[in-house]
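Thanks for coming. I have one structure to go through today, so please have the sequence and the coordinates open.

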Amino acid sequence: MATIGFIGAGKIGSQLARLSVASGYDVVLSNSRGPETLTALVKELGPRARAATARDAAQAGEIVVVTIPLKSYRSVPVEPLVGKIVIDTNNYYPQRDGHIAELDNESTTTAELLQAHLPKSKVVKAFNHIYASQLTTDGQPRGSANRRALVIAGDDADAKGTVAGLIDQFGFDVVDAGPLAQGWRIQRDTPGYGPRRNAEELRRDLAAAKRPPSK
Ligand SMILES: NC(=O)c1ccc[n+]([C@@H]2O[C@H](COP(=O)([O-])OP(=O)(O)OC[C@H]3O[C@@H](n4cnc5c(N)ncnc54)[C@H](OP(=O)(O)O)[C@@H]3O)[C@@H](O)[C@H]2O)c1
C-alpha cells in the first residue's frame, strides 16, 4: 500500500485522509502552521497517520494531495514532487484567493496553474466538486445502483488511472473529463459543481457546461 501525502489538512484534506486510512493507506499530513497543530487529527486517524512539514509530506507521499486555498499554490514544494502523482482539489474563489488574472480571463484553469508550478509532476484534478462532509457519507461499493460519481482531469493517462482506482476505493464512480485544460467543465458555477450526480448525469453536466466569458 502506498503512502499518501497531504499538503493541507483542513476540511477536504482531513476527509480524504480519513478515507485513505480506511482504505489501508498510510498518510502524512501537513498544514501551514506546523505538525504540532495536527495532533488531534493524527490521534483520530491512528497509527497509519503522522504529521510533518509540507516538504516532508511531499517527500513521503507516493501520491500527494494538494488541498489548500488556491492563492497559496506557489508555496507547494516543487522538487520533492518531481515524477509524482499530485491530486489537486483546489477551486478559485476570488473573494478568498484574490484575483488571478489568468483565471479571471479564462485563459487557463486552476489545475493547469498547479501543473505549471510543478512541471515535472503528474497533476490530476479530483475531489473539487463535492462538499467535504459528503466524502465520508456518499461513498458506496462498486456496482451499487445510482452510485455517486466524481470527475477527474489530467494529462497523464497512467496517473489518471491510479487516481481513478483510488476514487473507486473511496466509494465513487469516476468520470474522465479529459486533459487538465478541460477542467473548467467542473469549476465553480458549472452544472456538475456540488450536486450529487451518478456517472451518466455527470457526463451530461460536463457536456452542458459553458465557459464564462473572459473578463
Ligand atoms: N470545503 C469543501 O467542501 C471543498 C470542496 C471541494 C474543494 N475544495 C477546495 O479544496 C481546497 C481546500 O479546501 P478546504 O475547505 O479543505 O480548506 P480549509 O478547510 O481552509 O483547509 C485548508 C488547509 O490548507 C492548509 N494550508 C493553507 N496554506 C498552506 C500552505 N501554504 N502550505 C500547506 N498547507 C496550507 C491549512 O493549514 P492551516 O490551517 O495551518 O493554515 C489547512 O489545513 C480549496 O481550494 C477549496 O476551494 C473545498
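Phe127 is in the loop between β6 (122-126) and β7 (149-154). Helices (H or I, at least four residues) and strands (E, at least two) are DSSP runs, numbered from the N terminus. This is a predicted model, where local features need pLDDT of at least 70 and side-chain atom pairs count only at pLDDT 80 or more, while totals for chains, interfaces and linings use all residues. Residues are numbered from 1 along each chain as its sequence is written, and side-chain values use heavy atoms, with hydrogens and water left out.

Back to Phe127. Its phi is positive, about 60°, although Phe127 is not a glycine. Is Phe127 buried or exposed? Phe127 counts as buried because its relative accessibility is 2%; buried means under 20% relative accessible area, exposed over 50%, and partly exposed in between, with a 1.4 Å probe and protein chains only.

Asp189 also needs a comment on phi. Asp189 is not a glycine, yet has a positive phi of about 75°. Its place is the loop between β8 (173-176) and α8 (199-208). With a relative accessible area of 65%, Asp189 is exposed.

Next, Leu19. Leu19 belongs to helix α1, residues 11-22. Its relative accessible area is 12%, so Leu19 is classed as buried. Between the C-alpha atoms of Leu19 and Ala116 there are 28 Å, and the two residues are 97 apart along the chain.

Now the ligand. Where does the ligand sit? The ligand is in the largest pocket. On a 1 Å grid over the protein atoms alone, a pocket is an open set of points where a 1.4 Å probe fits, with protein on both sides within 12 Å along at least five of seven lines. To sit there, a molecule must have more than half of its atoms within 2 Å of the grid points.

There are 23 residues around the ligand, and Lys11, Ile12, Ser32, Arg33 and Ser75 come nearest. Near means that a heavy atom of the residue lies within 4 Å. The shell has nine nonpolar, eleven polar and three charged residues.

- Ile12: a polar backbone atom is 2.8 Å from an oxygen atom of the ligand.
- Arg96: a polar side-chain atom is 3.1 Å from a ligand oxygen atom.
- Asn90: a side-chain N or O atom is 3.3 Å from an oxygen atom of the ligand.

That is my list.

Notes: A polar contact is a pair of N or O atoms within 3.5 Å; within protein, one must be able to donate a hydrogen and the other to accept it, and residues adjacent in sequence count only if both atoms are side-chain atoms. On a 1 Å grid over the protein atoms alone, a cavity is a set of points where a 1.4 Å probe fits but cannot get out, and a pocket is an open set with protein on both sides within 12 Å along at least five of seven lines; lining residues have an atom within 4 Å of a point. Ala, Val, Leu, Ile, Met, Phe, Trp, Tyr, Cys and Pro count as nonpolar, Asp, Glu, Lys and Arg as charged, and the others, Gly among them, as polar.
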